[in-house]
Amino acid sequence: MPEEDLVIRDATKIIVTLGNLFKRDDLVPEHEILSEGSCEILLTDYDNWDGGTDIYGIFCKVSIGIYSKYELEIQTLEENIKDKAERIFRTYPGWLGEVVISPELSEIADGKLLQIDNDELVKTLEKTKNIMASVSTGGPKIQTVNNEYKSLYEIVSEGLAERNIKNEIPFADLWEWYGKWSDGSLPQYKNRREFLAKIFSPMLDAVKKSQKKAVNPIFEEPTGWMRVDRGMAETKKRLVQASTEEQFQVVGLLCRETLISLAQTVFVKGEHETTDGVEPSKTDAKRMLEAYLSSKLPGKSNENIRRHAKASLDVANDLTHRRTAEFRLAALCAEATNAVINIVAIVSGRRDPRSPIERQSI
């Protein structure tokens, strides 16, 4: 196997080893992210200096619950994981460029955005069942786990309601469950386990079979422009989580910054002439992108494509400068920004079917 593939070959082992190192050191957040999240190592860049060096990134997608728990510490956790991972990377060719922790994309069922994804709901149902079984078969005392159970019950109820699945658990409190198993109708441990299986098995099957699809654009892969990809990922996350005027306004601000990052990435002064002859400032995304697109799509035959690209850019630029204080405007702003990114990525050749190394050379 070529040297540049050694890291990808051992990616799973590297992630597991990292998780075990944090577990050894009792560093719970890092261990939880690495063990509970969906983590992968990707080739993200290539340095031509001194014969060429591959640069990799570790990308961890975690549930909304885990991400929310550590959201204020994400940057520190990324740095901690990168620092420890670099010790492992010393035995491999190539460098570790970045560690990115992001929330998993939400799912859609019956046209509705789900706040609790299928995997998280299945785990919560199973944990709820295990607690009920444990307290009724000689396990922990009810008072030590009842608060946890009630929290799990609320998550289960919300997740099932999102999918129009009836919550068949008749006990919102473990003391209610105690009243059931101690009334003589479930005298043996076996009877209690069978009773729980009849309640939980249909719900688990219904959740696992529920229709779902990821919220993905036509092009699922990131562009490879790191600041642009980070900006768009953060925009999508904020749009899902936003509920107040101020939070919707943040979506517009993020879109504006992402377009500026995109423009700064592709615009080359002296090579891409602005359409009005005015030299753009470092934050004038509209002039820079218009100049880039005009340069890459010249001639009458590309007039319709230029018009479409300019229309998408005009919509995105207009919406990023509004006080987008409600969902529809914020969503339109994010969608228009994403469209501009994809148009520029297509024009640049970044969406062409190429290997990661070839794509980085564009």
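Biologist: Among contacts between residues at least 6 apart in sequence, what percentage join residues at least 24 apart?

Modeller: In this predicted model, the share is 67% for the protein chain. So when you trace such a contact, look at how far apart its two residues sit in sequence, since contact here means heavy atoms within 4.5 Å.

Biologist: How many of the residues are buried?

Modeller: Of the 362 residues in the protein chain, 42% are buried. As for the surface, the chain exposes about 20,100 Å², with 51% of that supplied by carbon and sulfur atoms.

Biologist: Which residues have the most contacts inside the largest nonpolar core?

Modeller: They are W225, L259, L262, L289, L293, V340 and V344, in a core of 35 residues. At least two residues of this core come from each of α10 (226-241), α11 (245-266), α12 (285-296), α13 (303-320) and α14 (327-348). Helix α14 gives the largest share, 10 residues.

Biologist: Let me pick V344. Leaving aside neighbours within four places in sequence, what is V344 in contact with?

Modeller: Its partners are W225, L262, V266, L289, Y292 and L293. Apart from this core lies another one, of 28 residues, including L121, I131, Y153 and F200.

Biologist: What is R192 in contact with, leaving aside neighbours within four places in sequence?

Modeller: R192 touches S136, W177, W181, L186 and P187. For L186 there is a further detail: its backbone oxygen lies 2.9 Å from a polar side-chain atom of R192.

Biologist: Which elements have the lowest and the highest mean pLDDT?

Modeller: Strand β6 (residues 213-214) has the lowest, at 40, and helix α8 (residues 174-181) the highest, at 95. For the protein chain, the mean pLDDT is 83, and 87% of the residues reach 70 or more.

Biologist: Where does pLDDT stay under 50?

Modeller: One such stretch is residues 212-217, with 15 contacts beyond four places in sequence in the model. Another is residues 355-362, where the pLDDT is below 50 and the model has 18 contacts beyond near neighbours in sequence.

Note on methods
Residues are numbered from 1 along each chain as its sequence is written. This is a predicted model: local features need pLDDT of at least 70, side-chain atom pairs count only at pLDDT 80 or more; totals for chains, interfaces and linings use all residues. Side-chain values use heavy atoms; hydrogens and water are left out. Buried means under 20% relative accessible area, exposed over 50%, partly exposed in between (1.4 Å probe, protein chains only). Accessible areas come from the Shrake-Rupley method with a 1.4 Å probe; for residues, only the protein chains shown count as cover. A nonpolar core is a set of buried Ala, Val, Leu, Ile, Met, Phe, Trp, Tyr and Cys residues joined through side-chain atoms within 4.5 Å. Helices (H or I, at least four residues) and strands (E, at least two) are DSSP runs, numbered from the N terminus. pLDDT is the predictor's confidence in each residue, from 0 to 100. A polar contact is a pair of N or O atoms within 3.5 Å; within protein, one must be able to donate a hydrogen and the other to accept it, and residues adjacent in sequence count only if both atoms are side-chain atoms.
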